[in-house]
Amino acid sequence: MKAVHFGAGNIGRGFIGQLLYDAGAAITFVDVNDEVINAMNSERHYDIVYAQEEELRYSVHGVKGLNSRTETDKVVSEIAEADIVTTAVGPNVLKFLAPVIKEGLVKRSGKAVDVIACENMVGGSEQLKQYVLDQADDEERRIVEESAGFPNAAVDRIVPEQVVGNGLDVTVEPFYEWIVETEGMKNPDVRIPGILYVEALSPYIERKLFTVNTGHAAAAYLGSLEGYKTIAEAMADEGVFTSVSGALEETGKLLTAKYDTFSKDEQKAYIEKVLARFVNPKLVDDVKRVGRTPLRKLGRKERLISPAEQLMKRNGQPAFLVDVIVAALSFRNEDDPEAVKLAEEIQEKGVGYVLRHYSQLEENSPLYESISEKYNEAEK
Ligand SMILES: NC(=O)c1ccc[n+]([C@@H]2O[C@H](COP(=O)([O-])OP(=O)(O)OC[C@H]3O[C@@H](n4cnc5c(N)ncnc54)[C@H](O)[C@@H]3O)[C@@H](O)[C@H]2O)c1
Ligand SMILES: O=P(O)(O)OC[C@@H](O)[C@@H](O)[C@H](O)[C@H](O)CO
């Protein structure tokens, strides 16, 4: 089996690569980072190190690397022969993959394949499909529509930023979950052991995004305000822990009211497990990584605004979530262009502009009002 994976970063190497390799795939990692690509091509393997008491290493062999900008023809040929195509590049990067993925899919002459975006977002693969179709003429569009599936997915494993060993090795938490929606698959015969295939992804992606990622963002933004460097340090602060748990109680209320997929007890156990994962002492995860790209995270369909808005529509009070959103608006990191932009926008146009423009909240809507009020109080 051949797999093409875009994004040889933390989750790409630390999780997707592991399951694809286990499934017997020869993996071509496509990236733009030449250091990583060159290391892939000279080492041809890397290790995944489990962040747990007893060290456990897992080797992924036979990998190679290609540059998606300078080796486009080779990437197209690899896609043309692949049994599966996956991505983990970040939601903002998906549109840049579209031209080369479109060329690769067209070159397959109708041979079915699935393209799975493993990004933290609702409808990631569907979004990628739209970007691909935007690049296609009528005939190409027909080929893509007929032969390429873009099943949505949810991917969960905490993989912090770090370079260990040969520069490719990566430390990960032992936990993992990869869920793929069967609807929209064109090549269902390719099944990757370790993936849970479900008919409807919505409950699972919302549970993941609104528990793991909401809680993570809460710890990062509240922890950052308190001056903590890592998620584990932030979670050791009683005040931060209480607020993170409070935010997850709120999202839990929404999730169990909205879906009958999980009972209240199951959601409670899920939250407890997530909180335990955040305090893993062997996992050194910078609040700057977890809080990265705050403008994206303040988006309407994202982990903070979406559950808060949905909860309010069901007459719930997202008090803790609003505190986290206020902390997110105050997140500062000079190395993160989105955090810099956020600070500039607030300085020049005011917080209301950010809520209208980036979070797409209507002025004077209940959530807009709650956030503005709390933000102004905090600024006093
Ligand atoms: N790290 C985690 O804990 C984790 C867990 C689950 C899901 N995710 C999701 O996975 C995605 C990637 O996250 P990450 O933590 O691995 O980030 P990362 O920054 O470590 O990796 C992203 C990789 O994409 C590469 N890239 C950027 N532009 C590219 C392009 N045009 N073509 C090909 N490659 C390109 C980067 O060079 C980098 O190697 C995000 O959507 C994230 O939300 C991350
Ligand atoms: O990747 P982001 O920026 O959407 O979110 C940061 C973290 O919350 C995220 O990477 C988690 O570690 C991951 O989603 C755990 O599965």
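Student: How far apart do the end C-alpha atoms of residues 201–377 lie, and how much of the span is helix or strand?

Tutor: They lie 39 Å apart. The span is 71% helix and 0% strand. Helices here are DSSP runs of H or I with at least four residues, strands are E runs of at least two, and both are numbered from the N terminus. This is a predicted model: local features need pLDDT of at least 70, side-chain atom pairs count only at pLDDT 80 or more, and totals for chains, interfaces and linings use all residues. Residues are numbered from 1 along each chain as its sequence is written, while chains are lettered from A and ligands numbered from 1 in the order in which they are written.

Student: What does UniProt list for residues 201–377?

Tutor: An unreviewed UniProt entry gives "domain: Mannitol dehydrogenase C-terminal". UniProt positions follow the numbering used here, feature names are shortened, and annotations may be inferred rather than shown by experiment.

Student: Ligands next. Which residues come nearest to ligand 1?

Tutor: G7, G9, N10, E119 and N120, out of 27 residues around ligand 1. A residue counts as near if its C-beta atom, placed from the backbone, lies within 6 Å.

Student: Which elements give two or more residues to that shell?

Tutor: Helix 1 (10–22), strand 2 (26–31), helix 4 (94–107) and strand 9 (153–156). Helix 1 gives the most, with three residues.

Student: How many of the residues around ligand 1 are nonpolar, polar or charged?

Tutor: The shell has 15 nonpolar, eight polar and four charged residues. Ala, Val, Leu, Ile, Met, Phe, Trp, Tyr, Cys and Pro count as nonpolar; Asp, Glu, Lys and Arg as charged; the others, Gly among them, as polar.

Student: And which residues are around ligand 2?

Tutor: N120, D156, R157, I158, V212, N213, H216, V290, R292 and T293. Helix 7 (residues 202–225) supplies the largest share, three residues. By class, that shell has three nonpolar, four polar and three charged residues.

Student: What angle does helix 7 make with helix 10?

Tutor: Roughly 40°, and the axes of helix 7 and helix 10 (residues 264–278) come within 11 Å. Axes are lines fitted to C-alpha atoms, for helices over the stretch in contact, and angles run from 0 to 180 degrees between N-to-C directions. That makes the two helices oblique. Under 35 degrees is roughly parallel, over 145 roughly antiparallel, 65 to 115 roughly perpendicular, and the rest oblique.

Student: Which hand is the crossing of helix 7 and helix 10?

Tutor: Right-handed. A crossing is right-handed if the near helix is turned clockwise from the far one by less than a right angle, and left-handed if anticlockwise.

Student: Which residues make the contact?

Tutor: Helix 7 uses R207, T211, V212, G215, H216 and A219, while helix 10 uses Y270, I271, V274, L275 and F278. Contact means C-beta atoms, placed from the backbone, within 7 Å. The classes are seven nonpolar, three polar and one charged.

Student: Back to helix 4. How far from its axis is that of helix 3?

Tutor: The axes of helix 3 (residues 72–81) and helix 4 are 7 Å apart, at an angle of about 45°. Helix 3 and helix 4 are therefore oblique. Their crossing is right-handed. T72, V75, V76, I79 and A80 of helix 3 meet V100, I101, E103, G104, L105 and K107 of helix 4.

Student: Is the crossing of helix 9 and helix 13 left-handed or right-handed?

Tutor: Left-handed. The axes of helix 9 (residues 238–258) and helix 13 (residues 305–313) come within 10 Å and cross at roughly 60°. E250, T251, K253 and L254 in helix 9 meet P307, Q310 and L311 in helix 13.

How values were computed. Contact = placed C-beta atoms within 7 Å.
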